[in-house]
Each structure stands twice: as C-alpha cells, then as structure tokens.
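Trainee: Could you walk me through this model, one question at a time?
Mentor: Gladly, have a look at it first.

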Amino acid sequence: GSVSMFPPHISSEIMSLRADQKYSYALSLGLQLNDDGSIDQSSIIVMPSIVNVSYRLTYAEVDEMLDMGVGYFEERELGALLGASNNRRKYR
C-alpha cells in the first residue's frame with residue numbers, strides 16, 4: 001500500500017502522480033549535501049511545482065534497474081540519487 005502525505009481528496013486528485021494525467025501539482029524540495037553527507041541548511045528550498053509524469057516505477061523496478069546498471073546510464077538520475085542517499089546514510 002501507500003501512505004499519503006496529504007488528505008485523500010488532494011493526494012488522489014490534484015496532487016496525484018498518476019501517469020494518465022498530463023501534469024500534477026506538487027511541492028518540490030531542494031537541498032545541497034555537503035561532501036560529508038550533511039545538509040547545507042542555507043540551501044533548503046520548498047516550492048510549488050508542476051510535475052509531468054511520463055511513467056511510474058515501483059521500488060522493485062528501480063532496484064532492478066540499478067542492479068542491471070540501467071540506473072547509471074539510461075536513467076542517470078537514479079544512480080545519482082542512489083549515490084547521494086548512500087552518502088547521506090553514512091553521515092547519519
């Protein structure tokens with residue numbers, strides 16, 4: 001299952017990330033990680049955004065893509081996110 005961050009009428013409609021919608025409203029978070037994995041507190045931003053959902057992936061599909069190496073070439077963002085999350089995990 002899934003856990004919604006917003007009330008159902010928001011998370012299943014206007015802020016839903018369904019692939020059958022042309023776009024979805026979202027809240028985007030941005031931050032910079034320092035070399036040691038800590039967060040640069042002055043870099044944190046949260047802003048409204050519009051997301052174009054071209055396709056959805058499950059966690060299992062992402063894991064498979066990373067295992068096969070696809071997450072480092074065709075879908076470079078996945079490999080970059082994995083590297084950043086591993087660096088952050090070491091910091092914690």
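This is a predicted model: local features need pLDDT of at least 70, side-chain atom pairs count only at pLDDT 80 or more; totals for chains, interfaces and linings use all residues.

Mentor: Residues are numbered from 1 along each chain as its sequence is written, and side-chain values use heavy atoms, with hydrogens and water left out.

Trainee: How many aromatic pairs does the structure hold, and which rings form an edge-to-face pair?
Mentor: A pair of aromatic rings is described by the distance of the centres and the angle of the planes. Rings of Phe, Tyr and Trp (its six-membered ring) pair if their centres lie within 6.5 Å; planes under 30 degrees apart count as stacked, over 60 as edge-to-face and the rest as tilted. The structure holds one aromatic pair. With centres 5.7 Å apart and planes at 90 degrees, the edge-to-face pair is Tyr23 and Tyr25.

Trainee: Is Tyr23 buried or exposed, or partly exposed?
Mentor: Buried means under 20% relative accessible area, exposed over 50%, and partly exposed in between (1.4 Å probe, protein chains only). Tyr25 has a relative accessible area of 38% and is partly exposed. Tyr23 has a relative accessibility of 41%, so Tyr23 counts as partly exposed.

Trainee: Why does Leu29 count as exposed?
Mentor: Leu29 sits in strand β1, residues 24-30; strands (E, at least two residues) and helices (H or I, at least four) are DSSP runs, numbered from the N terminus. Leu29 counts as exposed because its relative accessibility is 60%.

Trainee: What accessible area do Leu27, Leu29, Leu31, Leu33, Ile44 and Val46 have together?
Mentor: Patches are made of residues with over 30% relative accessible area and no salt bridge, with like charges joined within 9 Å and nonpolar side chains (Val, Leu, Ile, Met, Phe, Trp, Tyr) within 5 Å. A salt bridge is a side-chain nitrogen of Lys or Arg within 4 Å of a carboxyl oxygen of Asp or Glu. Accessible areas come from the Shrake-Rupley method with a 1.4 Å probe, and for residues only the protein chains shown count as cover. These six side chains form a nonpolar patch on the surface, and together their accessible area is about 530 Å².

Trainee: Which residues gather in a patch of negative charge on the surface?
Mentor: Asp and Glu count as negative and Lys and Arg as positive, while His and the chain ends are not counted. Glu64, in helix α2 (residues 59-68), is partly exposed at a relative accessible area of 47%. The patch is made up of Glu61, Asp63, Glu64 and Asp67.

Trainee: What separates the C-alpha atoms of Asp20 and Gly37?
Mentor: Asp20 is in the loop between α1 (8-14) and β1, and Asp20 is exposed, with 63% relative accessible area. Along the chain, Asp20 and Gly37 are 17 residues apart, and their C-alpha atoms are separated by 36 Å.

Trainee: And how far apart in space are Ser43 and Gly30, C-alpha to C-alpha?
Mentor: Ser43 is in the loop between β1 and β2 (45-51), and its relative accessible area of 15% makes Ser43 buried. Ser43 and Gly30 are 13 residues apart in sequence, and in space their C-alpha distance is 7.4 Å.

Conventions: The place of a charge is taken as NZ of Lys, CZ of Arg, CG of Asp or CD of Glu.
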